[in-house]
Amino acid sequence: MARKIPSNSALQAFEAAARHGSFARAAEELARTEGAVSRQIGRLESFLGVTLFERIGNRVRLAPNGARYATQVREVLDRLERDSLYLMGQPVEGASIDIAASPTFATRWLIPRLKHFQTRHPNITVHIAERMAPFLLAGSGFDAAIHFEHPAWAGMHVHPLLEEVLVPVCSPALLADVGASASLDALPRLHRRQNPDAWQTYAQEVGIALTNSAVGARYDLHAMLIEAALAGLGVALVPRLYVGTELEQGRLVAPWPDARGITKTFCLVLPEPIELSPQPVRAFANWMLDEARAL
């Protein structure tokens, strides 16, 4: 049965006119005449059997039904444009995969290593999107996810990659300002908003007394904590795997022990076994496992 969908030209004319509040300005944007835009909207109204614009002399104003419909049409057209541009950007020869990853892991660990994958598989393009929380992978449009172990991945194929071991780090300049012998309790401490008890847990594990473990600025991402530590704002409790370069370069120092009791495991999550996955996904999965094993 044929779908009851208006023509694309009529929807574009309507969306532009609704956004500008003017047939003339819509016509200018779409490189059409004002009369052509008016006719397209008239056909759309006839098709729907609903008045979308109120005509007041030479002026037009969205009717209540038109305002609601404009919002819906705009969302559909925006999504269609995004999907079309995505397909237009696919390589002519080769393949692409879509990976969801936690933002700091993507920026501090995965992306810096992607050149290795690109060298090994030059015909596979990797698209990365951030996902802060676990989600339903099936039907999401993603080929794989890189995230923590979580019950949300039940039914998926989960491959452990790396342990997120936290370590307190700060700028060497901060220690120089207060004296290298200053205790951790005397230094400003930085917190990750999603893990407000991390410093308390750390202090109990390593046997360091903290007068008030909750005091200090809070940030959403480990990436923000790292930048704050580099800026000398305080001591950040962050995953060691994110700050290896800064520690080697001396831009950060870690004179305190790691927090082995506050660990999470990063995993590669796939909707099906590696050996049954499409070749591009299989290649990426095997590369990720190799990179993790190398550490």
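I take two strands as paired if DSSP finds at least two bridges between them, and I take helices (H or I, at least four residues) and strands (E, at least two) as DSSP runs, numbered from the N terminus. The model is a predicted one, in which local features need pLDDT of at least 70 and side-chain atom pairs count only at pLDDT 80 or more, while totals for chains, interfaces and linings use all residues. Residues are numbered from 1 along each chain as its sequence is written, and side-chain values use heavy atoms, with hydrogens and water left out.

**Sheet**

I looked up the strand order and found an open sheet of 8 strands with mixed pairing, ordered β4-β3-β5-β10-β6-β9-β7-β8. Its edge strands, each pairing on one side only, are β4 (124–130) and β8 (218–219). Helix α8 (residues 222–230) packs on the sheet, where it touches β6 (157–169), β7, β8 and β9 (contact means heavy atoms within 4.5 Å). The direction of α8 makes about 140° with that of β9 (axes are lines fitted to C-alpha atoms, for helices over the stretch in contact, and angles run from 0 to 180 degrees between N-to-C directions). I then turned to β7 (residues 189–192) and β9 (residues 235–239), which run parallel and are joined by 2 bridges; R189 stands opposite V235 in β9.

I checked which residues of α2 (residues 23–30) are buried (under 20% relative accessible area, with exposed over 50% and partly exposed in between; 1.4 Å probe, protein chains only), and they are F23, A26 and A27. They cover an arc of only 100° around the axis, which puts them on the same side of α2; the arc is that of the directions from the helix axis to the C-beta atoms. These buried residues pack against α1 (8–20), α3, β1 (53–56) and β2 (59–62). Just after α2, A31 takes a positive phi of about 55°. In helix α3 (residues 34–48) I looked at Q40, which is buried with a relative accessible area of 17%. Leaving aside residues up to four places away in sequence, Q40 touches S7, S9, A10, A13 and R32.

**Aromatic pairs**

Rings of Phe, Tyr and Trp (its six-membered ring) pair if their centres lie within 6.5 Å; planes under 30 degrees apart count as stacked, over 60 as edge-to-face and the rest as tilted. By this rule I count 12 aromatic pairs. W199 and Y202 form an edge-to-face pair, 5.7 Å centre to centre with 90° between the planes, and both are buried. F284 and W287 form a tilted pair, 5.8 Å centre to centre with 45° between the planes.
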